[in-house]
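Keep the 3D view open as you read.

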Amino acid sequence: MAISRFLEENRVSMPLAVLAVVFVILAVVFSISAMVSAVQLQAGATAGSLVGVAIFGILSAIFQFLVLYQWSRAINTNVTNTRDVFLNLKDRLEDPLRGEIGFFANRSEEFIVQTWPFWVYLVFYVIGLFTGVYAIVFNILAFIFLAVYLSSVFRSIGKLSDLKDRLYQYLEDRYGVHLTGRVFRVPRRSIALFIILGIITFTIYWLYLLVKLSSEINRYLSTDETLRREVEEALSRFS
C-alpha cells in the first residue's frame with residue numbers, strides 16, 4: 001500500500017481564524033460606541049451599537065469554534081495517517097525498528113487530541129451568554145477547559161513530532177534515506193502562562209494564539225506531507 005495514499009489532509013482555515021479576530025475587534029468598537037452613546041443619552045445610537053456588538057460577537061464566537069474544531073480534526077487525521085504510514089513501513093523494514101513502529105501503530109489512540117474539553121468549553125461559553133451577572137463564572141470555566149483542550153493539542157502534536165524525528169533519523173542512518181529537512185515543530189506553550197497572559201491581556205493573547213497556532217499546525221502538516229512523500233520515494237528502492 002503506497003504511503004502517498006495517505007497524504008491528503010485538510011488544513012486549518014486561516015481566513016476563518018483572521019475573521020474571528022476581526023469580528024472581536026469590531027464587537028469591541030461597537031461596545032465602546034454603545035457606552036459613549038449611553039453617556040450622551042443617545043438611546044437610538046446605543047441600541048444600534050448594541051446590535052452591532054451582538055452580531056459581531058456571535059460571528060466571532062462561531063468562527064472561533066470552527067477553527068478550534070479544525071485543529072483537532074487536522075491533527076487527529078494526521079495521527080490516523082501516521083499510523084497507516086508506519087504500518088506500511090513495518091511491512092517493508094526487516095530490522096529491530098519494526099517493533100517500535102508496530103508499538104506506535106497499536107497505541108495510536110494515545111496521540112489523539114481529546115475533543116471533550118472543547119465541547120465542555122463550548123457549553124460553558126454558550127451558557128455564559130445568557131446568565132447575566134453570573135456570566136463571569138461560566139466564562140472562567142470555559143477558559144479553563146479551553147486551556148485543557150490546548151494542552152491536549154500541544155501534547156499530541158509534540159509526541160507525533162518526536163516520534164517522526166526518531167524514525168526519519170533512523171532511516172537516514174540505517175538506509176541512507178536523504179530527507180530535505182524535519183517535521184516543523186509546533187512550540188509547546190505553557191498552559192499556566194496561557195491562562196495568565198489571557199487574563200492580563202483581556203484575551204488579546206488568545207486571539208494572537210488563535211491565528212498563530214492555526215498557521216503552525218498548517219506548517220506542520222505541510223512539512224510532514226513532504227517528508228512522507230520523500231520517504232515513499234526513497235523506500236520504493238527497498239520494496
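## Salt bridges

Across the whole structure, a search turns up 7 salt bridges, each being a side-chain nitrogen of Lys or Arg within 4 Å of a carboxyl oxygen of Asp or Glu. One of them joins the side chains of glutamate 225 and arginine 11, at 3.2 Å from N to O. This pair links distant parts of the chain, with glutamate 225 in helix α7 and arginine 11 in the segment before α1, 214 residues apart. Helices here are DSSP runs (H or I, at least four residues), numbered from the N terminus.

A word on the model: it is predicted, so local features need pLDDT of at least 70 and side-chain atom pairs count only at pLDDT 80 or more, while totals for chains, interfaces and linings use all residues. Residues are numbered from 1 along each chain as its sequence is written, and side-chain values use heavy atoms, with hydrogens and water left out.

## Aromatic pairs

The structure holds 16 aromatic pairs. Rings of Phe, Tyr and Trp (its six-membered ring) pair if their centres lie within 6.5 Å; planes under 30 degrees apart count as stacked, over 60 as edge-to-face and the rest as tilted. Phenylalanine 65 and tyrosine 125 make an edge-to-face pair, because their ring centres are 5.3 Å apart and their planes stand at 90°. Phenylalanine 65 belongs to helix α2 and tyrosine 125 to helix α4, so the pair ties together parts that are 60 residues apart in sequence.

## The largest pocket

How much space lies in the largest pocket? About 870 Å³. On a 1 Å grid over the protein atoms alone, a pocket is an open set of points with protein on both sides within 12 Å along at least five of seven lines, whereas a cavity is a set where a 1.4 Å probe fits but cannot get out; lining residues have an atom within 4 Å of a point. A volume is the space filled by probe spheres set on the points, which are joined across faces, edges and corners.

The pocket is lined by 29 residues, and Tyr125, Asn139, Phe143, Phe202 and Thr203 are the closest to its centre. By class, this lining has 21 nonpolar, 8 polar and no charged residues. Ala, Val, Leu, Ile, Met, Phe, Trp, Tyr, Cys and Pro count as nonpolar, Asp, Glu, Lys and Arg as charged, and the others, Gly among them, as polar.

## The cavities

The search also finds 2 cavities of 30 Å³ or more. The largest cavity has a volume of about 50 Å³, and its lining includes Lys164, Asp224 and Arg228. Helix α2 gives the largest share of that lining, 4 residues.

Notes:
Helices (H or I, at least four residues) and strands (E, at least two) are DSSP runs, numbered from the N terminus.
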